[in-house]
Structure formats: C-alpha cells, structure tokens
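Biologist: I have the file open. Please walk me through it, starting with the loops.

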Amino acid sequence: MFSYRHAFHAGNHADVLKHTTLIALMKYLTQKDTALTVIDTHAGAGLYRLDGDYTETSGEAQHGVFRLFSMPNKAIAPVPSAQAAIKTIATRKPTSSKPPVNEALAPALQDYVDLLHRLNPQLAESGDAAHLKIYPGSPFIEQQFLSGRDKLKLFELHPTDFKSLTGNIAQLGVGRQVSVTCEDGFEVLKTFLPPPARRAMVLCDPSYEIKTDYARVAACMADAVKRFATGTYVVWYPVIPRPEAHDLPRKLKTMATKAGRSWLNATLTVKSSKLTTDDAGDVVRPGLPASGMFVINPPHTLKAELQAALPQMVARLGQDRNAGFTLEHGG
Ligand code: SAM
C-alpha cells in the first residue's frame, strides 16, 4: 500500500497554489444555474489539523500557508486592467517578481485567506496565525461552493485517509450531494463522463508516489477529453528534476491542443532544486521546490486572477533567489 499521506504536506506551498486555483475555478463554475458535477479523483482526508502530529513533524505549512499570515493583509485589491489585458504570458524561466509585501492581497489569494478564516473563526477574530489550526483539503474547498443542484464525487484509495474523509464529510450533513468511494480515481473517472447536465470539473491530484502515475494522468485526461470535451480538467503536478515530471505538462499541452481545447499552465517555484550540504557535510535534500497546475478548458477569468496572485505567492513564499512563477496558456 502507499506510504504517502497528505497530512504531512497540508498547507505547503503546493497546496497554496493548488487551492487558490481551485477556489477561483469553483467560484466561477458555480455561478451558472445549470448543475455542476465535481469529481475529485484523489481526494485525500478532506480536512487536516495544522497543530497535529503529522504537520508539526514536517513543518511544510510553516513555509506555505503560514507565510500568508505573517504579513499585514489589507482589503481586496482589484486586478489591474493592464494585467487582465495581457494576451499570453509565456515565461520559459520563472519570473521573479517582488511586489511590496504589505500590498493588498490579489482577489484569488484573498478568497483563499477568507476561506481559512471561515474555518478558523479565532484566526479571523485575532489575525494571529497561531489560530490557523484547521486546513481544508480539496474536498472541503469544493463542497463550500456547491449549491443544491450540484454533486461532488470523491475518490480516495488509502484506507486510513478514506476513513478520515468519510468521517469528515459525514460531519457536514450534506447527504447524497457528496459521495465518498474507496476506488481507483483514474479508473472510475470514465464512468462519470459525460455528466448528466453536461457540466463538470475534474481535479486529478495524485501523489506521484508511483512513477507510473505520470503516464496514468496523461492517459486519463486524454480519455476524459475524448468522452467529454467541454469539461474543465485540472491536474496538479510536481516540478522536479525527473523526466516523467518534466514531460507531463508537455504531454497535456499537446493533447489539449490536438483536441482543440484551450489550456492554462501555472507553476510556482519557491526554491532551488539543487542538493546542498549542511555544516556537518551531510547532503540535504531540498524537498519539493516547485509545482504546477495544468487546466484544460479554463474559465476566461483564470489567467488574470493568477497573473495577479502568483507574484504575491512568490513574494511571500519564495525561499531563495530561484523563486518565481510561470503562467502560459494556449488554444
Ligand atoms: N487532493 C487532495 C487535496 O488537495 O487536499 C490531496 C490528495 S493527495 C496529493 C493524493 C491522494 O491520492 C492520497 O491521499 C493518496 O492516498 C490517494 N491516492 C493514491 N492513488 C490513488 C488512486 N489511484 N485513486 C484514488 N486515490 C489515490
């Protein structure tokens, strides 16, 4: 069985990118009157404690979400129209942009912070990051935006996380609107496409613990687009020096372009991927340096939202001079 547990990583820089993007997508896609089916193929436990044993051991959230609370947050800043007008932002090298750290949060990041405030009322009252104790995984974020007509289908294969997820979702008392199943998310996706009201968003967020996950993501997304071309498909991936990881966004771009679908690819780098040595001369692995979100059929608003939010993520979460972002789109 897998050893990956998302609890060790909850609230890290990859979650900040993933969940900020997810909130922007859910907010946009749930504005319409037609029912939306949301399918989360790799759901995790749904809810995490940032003061729990797992997260305290790894400390990843300290370099992720907590950094958003160590700076003063001002009111929501509008997206500058000049940024919204940018047609293509294609940066081969990460763009390091350092806005002043006390500027107002971009709307997408503000929405993310607002959601954390709602889950942590003491944090909202005091503004003290010590009160950031509960962290929402993708299932909770998705559920927050649903209205009565929408459906959320969650898949989680790890028995312990499946049990936690089932318990966490039961607490919400939302009945049959949200289903939780212990099945292989890659396998089951096809059985839900096309969805009844022909509107769907799929989040595919594996742990990539097994090398074959990269190929499975590419194959699963290609099959999904064939079955239901107009769905919004969202893939999280690690940016690491490994051929499969490097190839995945390229494969997704080629597939989306061939299928005549639009796409957006955003990456956030927080530090160098190079191995270093400590004072004792021991090799220190850097941990995850960067990650990306690839979206097929993104809403037209997403690019401008991320264009405003990504430089702020770099400014707040960046750990060395390699920090930066890329944002490109096509189709
Ligand atoms: N999406 C979650 C979030 O953002 O909060 C995090 C998910 S975590 C990165 C990946 C999860 O996928 C792990 O909990 C792992 O147990 C589960 N998993 C691994 N392979 C799977 C598969 N084939 N089908 C369903 N779940 C799987």
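Modeller: Pro194 sits in the loop between H8 and S6. Helices (H or I, at least four residues) and strands (E, at least two) are DSSP runs, numbered from the N terminus. Residues are numbered from 1 along each chain as its sequence is written. This is a predicted model, where local features need pLDDT of at least 70, side-chain atom pairs count only at pLDDT 80 or more, and totals for chains, interfaces and linings use all residues; side-chain values use heavy atoms, with hydrogens and water left out.

Biologist: What kind of peptide bond joins Leu193 and Pro194?

Modeller: A cis one, with omega at about -5°. Arg198 is also in the loop between H8 and S6, and its phi is near 55°, a positive value in a residue other than glycine.

Biologist: And Tyr208, where is that found?

Modeller: In the loop between S6 and H9. Phi of Tyr208 is likewise positive, near 55°.

Biologist: Is Tyr208 buried or exposed?

Modeller: Buried, at 5% relative accessibility. Buried means under 20% relative accessible area, exposed over 50%, and partly exposed in between (1.4 Å probe, protein chains only).

Biologist: What does the chain come to overall?

Modeller: The secondary structure comes to 11 helices and 12 strands. Of the 331 residues, 52% are buried. Among contacts (heavy atoms within 4.5 Å) between residues at least 6 apart in sequence, 82% join residues at least 24 apart.

Biologist: Next, S11. How many of its residues are buried?

Modeller: 7 of its 7, over residues 290-296. Ala290, Gly292, Phe294 and Ile296 point one way, and Ser291, Met293 and Val295 the other way.

Biologist: Which strand does S11 pair with over 7 bridges?

Modeller: S8, residues 263-269, in the antiparallel sense. S7, residues 232-238, also runs antiparallel to S11, joined to it by 6 bridges. Two strands pair if DSSP finds at least two bridges between them.

Biologist: What are the bridge partners of Gly292?

Modeller: Tyr237 is a bridge partner of Gly292, and so is Thr267.

Biologist: Tyr237 again. Which side chain makes a polar contact with it?

Modeller: That of Asn265, at 2.7 Å. A polar contact is a pair of N or O atoms within 3.5 Å; within protein, one must be able to donate a hydrogen and the other to accept it, and residues adjacent in sequence count only if both atoms are side-chain atoms. Asn265 lies in S8 and is buried, with a relative accessible area of 3%. Leaving aside neighbours within four places in sequence, Asn265 is in contact with residues including Met293 and Phe294, which belong to S11, and also Pro249, Lys253 and Thr326.

Biologist: What about Leu288, where is it found?

Modeller: In the loop between S10 (283-284) and S11. Leu288 is partly exposed, with a relative accessible area of 26%. Not counting residues up to four places away in sequence, Leu288 touches His13, Ala14, Trp236, Pro238, Ile240, Val270 and Lys271.

Biologist: Change of topic. How far does H9 reach?

Modeller: H9 (residues 212-227) has 16 residues and reaches 22 Å from its first C-alpha to its last, close to the 22 Å expected at 1.5 Å a residue. The expected span is 1.5 Å times one less than the number of residues.

Biologist: Which residues of H9 are buried?

Modeller: Asp213, Tyr214, Val217, Ala218, Cys220, Met221, Ala224 and Val225. Seen down the axis of H9, the buried residues fall within an arc of 170°, so they line one face of the helix. The arc is that of the directions from the helix axis to the C-beta atoms.

Biologist: What covers them?

Modeller: The cover includes H8 (185-188), S6 (200-204), S7, H10 (243-258) and S11.

Biologist: Last one, the ligand. How many residues surround it?

Modeller: 22, and the closest are His19, Ser138, Glu156, Gly185 and Asp205. A residue counts as near if one of its heavy atoms lies within 4 Å. An N or O atom in the side chain of Asp205 is 2.7 Å from a nitrogen atom of the ligand.

Biologist: Which backbone atoms come into it?

Modeller: A polar backbone atom of His42 is 2.9 Å from a ligand nitrogen atom. For Leu157, a backbone N or O atom lies 3.2 Å from a nitrogen atom of the ligand.
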